[in-house]
Amino acid sequence: MSNTNNVMNEGLPSNVICSDPYGCTFEEIVELLGEKSGRAFFRTLYKEKPKIQNQTIKVNSIENGGDTKKYAFELNDGYCIETVSITRKTGTTVCVSTMVGCPIGCTFCESGSNGFIRNLSASEIVQQVILMKDKINRIVFMGMGEPLLNYDTLIKAIHILRDRNGLDFPTDGITISTVGPLKELKKLREEHIKIQLTLSLHATTQAVRDRLIPNMKGQDIGKIVESVLSYSERHNRKITIAYLLIPGVNDKSSDVRQLGRWFRDKNVLINLLQYNETKCGKIVRPNKQQLVAFKLRLEQSGLEVKIRESRGGRIKAACGQLVSEHNKKSKAKNQHQSPNSHDGTTVVEQFHVKKCKTCLQKESCALRASGKHCQ
Ligand code: SF4
């Protein structure tokens, strides 16, 4: 094995430590290499310029939209994921993906319209942060995929990013944005990591939410709200409620009243979002006046509200848009995914319990979106 100096200067060959060091925690690396070499190697991974021999993802393209940059990263199996960096006066936020595609199928989202392909590994999640060209001061798990449905991997990646022997990323600067699967929300409440939480709510009734977020059917909207409020209380965190305003669908007086009942006098910020157009074309985009008017009604109801500016329109910054075509082609090439491509996805157990007549797997297979499998 190389001595520490060699470790510092060249990095260990990846097969000496593990084929994928960004997926290893500090403790795992120390266990393999010993305290001194392990500590030094972990430092090189996070304090120095990333070395190509340690990477399992590579930049396929970067689209530059001024303060918003969109990276398409290519994975070892040919699929692509998106990572967006957004620079504001307060610093740069990176919006990280946790899956290739997504099983949730939100009607307003390109990633959802293409179906689920596979979960990302902890290493693939960590590398999206490491390979950013700008200095990052906020990480938001809000790219492709539902982060809580890749739960163990997500938590491991967060531990790696926060490790003070490496990147030492502040917990305060990490946000999980979720549609709120109940089982995972409960688990998250019990974790000893006080990360920020955003709930993508988008509706006040079960019927409207089921229409907008079809694969969350059966998950009670009231219980989801209760769960995030419980997280807020336990961890003393302000929760953000993301609400995509859709005129005629979720902007009624009854919606204002229900949001007031749930969130008045709670530690909650409502973030009103304007639809970022995709090719889906099913959603009506509100104009600025409609957003401002709805904000005012919510404020009169005693709520704290912000309008989140829509960014990156000219570089296809809505989730999934940039790599959608690429992944469709890769998916067609890999007609049948290996069983591993479905591992660990609770959405599978929760939402696609019928066996697919074509591939006989219980879960949603990669071709579900095309209508060829998983009827
Ligand atoms: S909005 Fe998020 S949860 Fe919904 S389909 Fe897109 S990636 Fe999945």
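Here are some friendly notes on the fold, from the overall make-up down to single residues.

1. **Overall make-up.** Please keep in mind that this is a predicted model. The protein chain holds 14 helices and twelve strands. It has 375 residues, of which 46% count as buried. If you look at contacts with a separation of 6 or more, 68% of them come from residues 24 or more positions apart.

2. Strand 1 runs antiparallel to strand 2 (residues 68-75), and eight bridges join them. If you want a landmark in this pair, Val 59 has Phe 73 of strand 2 as its bridge partner. The two strands form a hairpin with two residues between them. In the turn, Gly 66 has a positive phi of about 80 degrees.

3. **Arg 88.** This residue belongs to strand 3 (residues 80-88). Is Arg 88 buried or exposed? Arg 88 is exposed, because 12 other C-beta atoms lie within 10 Å of its own, and a residue with 12 or fewer falls in that class. Asp 67 is 21 residues from Arg 88 in sequence, while their C-alpha atoms are 7.1 Å apart in space.

4. **Helix 3 against helix 4.** Moving on to helix packing, helix 3 (residues 26-33) and helix 4 (residues 35-47) meet at an angle of about 135 degrees, and their axes are 7 Å apart. Helix 3 is therefore oblique to helix 4. Their crossing is right-handed. Helix 3 brings Phe 26, Ile 29, Val 30, Leu 32 and Leu 33 to the contact, and helix 4 brings Glu 35, Ser 37, Gly 38, Arg 39, Phe 41 and Phe 42. Sorted by class, this contact has seven nonpolar, two polar and two charged residues.

5. **Helix 6 against helix 7.** Helix 6 (residues 122-130) packs on helix 7 (residues 151-162) at about 45 degrees, with 8 Å between the axes. That angle is why helix 6 counts as oblique to helix 7. This crossing is right-handed. On the helix 6 side you will find Ala 122, Ile 125, Val 126 and Val 129, which meet Thr 153, Leu 154, Lys 156, Ala 157, Ile 160 and Leu 161 in helix 7. The contact of helix 6 with helix 7 has eight nonpolar residues, one polar and one charged.

6. How do helix 8 (residues 182-190) and helix 10 cross? Their axes come within 10 Å and cross at roughly 10 degrees, so helix 8 is roughly parallel to helix 10. Leu 182, Leu 185, Lys 186, Leu 188 and Arg 189 of helix 8 face a set in helix 10 made up of Lys 223, Ile 224, Ser 227, Val 228, Ser 230, Tyr 231 and Arg 234. By class, the contact of helix 8 with helix 10 comprises six nonpolar, two polar and four charged residues.

7. **Ala 207.** A last stop is helix 9 (residues 206-212), where Ala 207 sits. Ala 207 counts as exposed because it has 9 C-beta neighbours inside 10 Å. Lys 217 is ten residues from Ala 207 along the chain, and 8.9 Å separates their C-alpha atoms.

Conventions: Residues numbered from 1 in each chain as written. Predicted model: local features only at pLDDT ≥ 70, side-chain atom pairs only at ≥ 80, totals over all residues. Axes fitted to C-alpha atoms, helices over the stretch in contact; angles between N-to-C directions. Helix = DSSP H or I, 4+ residues; strand = E, 2+ residues; numbered from the N terminus. Parallel < 35°, antiparallel > 145°, perpendicular 65-115°, else oblique. Left-handed = near helix turned anticlockwise from the far one by under 90°. Contact = placed C-beta atoms within 7 Å. Nonpolar A, V, L, I, M, F, W, Y, C, P; charged D, E, K, R; others polar. Pairing = 2+ DSSP bridges. Buried ≥ 20, exposed ≤ 12 C-beta atoms within 10 Å, placed from the backbone.
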